[in-house]
Amino acid sequence: MIERIHLRIIHAVKEQGSLTAAAKELCVTQSALSHTIRKLENNLDTEIWIREGRNLRLTQVGQYLLNIANRVLPLLDHAEEKLKQITQGERGTLRIGMECHPCYQWLLRVVSPFLDTWPDVDVDVKQKFQFGGVGALLDYEIDLLVTPDPFYKSGLSFQAVFDYEQVLVVPSNHPVALHKYVKPEDLRDQVLITYPVAADRLDIYTQFLSPAGVNPRLHKTCEATDIMMQMVACNRGVAALPRWLANQYSKTLPLAVVRLGEKGIDKQIYLGTREGDAGIEYLKAFIDLAKALNSPTA
């Protein structure tokens, strides 16, 4: 009753915003698209959309089918691509998902020798996922997830590839610049600059500020590490970064690196994969290479 074209239409209308744009995206006429959905609605004896002026609003059934489409279509697309690659004797593409904003420099150090060793394998890097990194793995949006926060779930495997310490970066003339370590209270009156990640996934909150019941005076986000460090150097705030990256910036900017708490915050970067992909040679080779380059500055 429910065919792939139904899911593609519902997904396309949601993404494109109208039947006309969706029809153009799918290379069909609008009348053919409408007829296909009308036939499905008749079979289901319910509506997929409700018209509100010029807009379409998904019904409960329509929303459920959209959720199915978001999960099933990537899996089918991936299966078809893999089958095509197998029949044509190709290796394919290693799709890497990033949940670690400051890890791109490390990733480049792994990708370069990997591409040299595997000339018939391409690499694609994704940072935004419909259902988060773990969901992207399970839904075949990506093949490998780089994350500091593994979420162990049936069918997935996570391997640690390097250790690091999360530290505070402050202007070189900051009152805590010469301290051996900072306390949560030291940040109560500060402007904290972080990557655009939810606070409940930021170590400086979950492992440092929140347990002490402390919030900074203001929390700002910045996607680019270079801009973030320039802002800190210009006394616009403080930031938390891995020590290896903070040390690099402190060599060229007026910055100081201070430990978070007396014992510090120790972290690891993990690579997550699907257990069923354990036999893919180039995926295993990438993980082995990442382990060999077991730190961003090795």
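Two strands are taken to pair if DSSP finds at least two bridges between them, and helices (H or I, at least four residues) and strands (E, at least two) are DSSP runs, numbered from the N terminus. The model is a predicted one, in which local features need pLDDT of at least 70 and side-chain atom pairs count only at pLDDT 80 or more, while totals for chains, interfaces and linings use all residues. Residues are numbered from 1 along each chain as its sequence is written, and side-chain values use heavy atoms, with hydrogens and water left out.

By the pairing rule, strand E1 (residues 49–52) is joined to strand E2 (residues 55–58) by four bridges, and the two run antiparallel. Trp49 faces Leu58 of E2 across the pair. Two residues lie between the strands of this hairpin, and there Gly53 adopts a positive phi near 70°.

We can turn next to the helices. Two packed helices are described by the angle between their axes and the distance between the axes. Here the axes are lines fitted to C-alpha atoms, for helices over the stretch in contact, and angles run from 0 to 180 degrees between N-to-C directions. For helix H1 (residues 4–16) and helix H2 (residues 19–26), the axes come within 8 Å and cross at roughly 120°. H1 and H2 are therefore oblique to each other (angles under 35 degrees count as roughly parallel, over 145 as roughly antiparallel, 65 to 115 as roughly perpendicular and the rest as oblique). Their crossing is right-handed, that is, the near helix is turned clockwise from the far one by less than a right angle. In H1, Arg8, Ile9, Ala12, Val13 and Gln16 meet Leu19, Ala21, Ala22, Glu25 and Leu26 of H2, where contact means heavy atoms within 4.5 Å. This contact of H1 with H2 holds seven nonpolar, one polar and two charged residues (Ala, Val, Leu, Ile, Met, Phe, Trp, Tyr, Cys and Pro count as nonpolar, Asp, Glu, Lys and Arg as charged, and the others, Gly among them, as polar).

Helix H5 (residues 104–117) packs with helix H10 (residues 281–292) at about 130°, the axes lying 10 Å apart. The H5 and H10 crossing is right-handed. H5 contributes Trp106, Leu107, Val110, Val111, Pro113 and Phe114 to the contact, and H10 contributes Tyr282, Phe286, Leu289 and Ala290. By class, the contact of H5 with H10 has ten nonpolar, no polar and no charged residues.

Finally, there is one disulfide, counted as a pair of cysteine sulfur atoms within 2.5 Å. Cys100 is joined to Cys103, with S to S at 2.0 Å. The torsion about their S-S bond is about 60°, so the disulfide is right-handed.
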